[in-house]
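Please read the points alongside the structure shown here.

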Amino acid sequence: MATVSIAAWVHGMVQGVGFRFSTQHQATALGLTGYAKNLEDGSVEVVMCGEQEKVDQLLAWLKQGGPKHARVDRVLSEPTAPGNYSDFKIKY
């Protein structure tokens, strides 16, 4: 299977609610690599790499609102160059 890489920016109440940790848990369960990182504008950047079907599943989870204490208003995404990630990390 071909590996794809997607960068997503999640906007809403997504910082201070365990969003990155929950995203890491979901991504790891799906076998994806990449990272989740808080941005200065209050959004979270998520880069996910792996099989298309698994990336689509994580993207759908993000769009559905992520963890229960988060509020996702919108998710923007676009293909990105695959990074050299060995696992899914939380970036600070």
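Which residue takes a positive phi just after H1? The points below begin with the basis of the model and then turn to this matter.

1. This is a predicted model, in which local features need pLDDT of at least 70 and side-chain atom pairs count only at pLDDT 80 or more, whereas totals for chains, interfaces and linings use all residues. Residues are numbered from 1 along each chain as its sequence is written, and side-chain values use heavy atoms, with hydrogens and water left out.

2. Gly-31 is the residue in question, with a positive phi of about 80° just after H1. Helices (H or I, at least four residues) and strands (E, at least two) are DSSP runs, numbered from the N terminus.

3. Helix H1 spans residues 19-29, and its buried residues are Phe-19, Arg-20, Ser-22, Thr-23 and Ala-27. These lie on the same side of H1, because they cover an arc of only 160° around the axis (directions from the helix axis to the C-beta atoms). Buried means under 20% relative accessible area, exposed over 50%, and partly exposed in between (1.4 Å probe, protein chains only).

4. The face turned away from the buried side of H1 carries the exposed residues Phe-21, His-25 and Ala-29.

5. The cover over the buried residues of H1 includes helix H2 (52-63) and strand S3 (44-51), contact being heavy atoms within 4.5 Å.

6. Two salt bridges are counted (a side-chain nitrogen of Lys or Arg within 4 Å of a carboxyl oxygen of Asp or Glu). Arg-71 pairs with Asp-73 at 2.9 Å, N to O; Arg-71 is partly exposed at 44% relative accessibility. Asp-87 pairs with Lys-89, their closest N and O atoms being 3.2 Å apart. Asp-87 is partly exposed at 34%, and Lys-89 is partly exposed at 46%.
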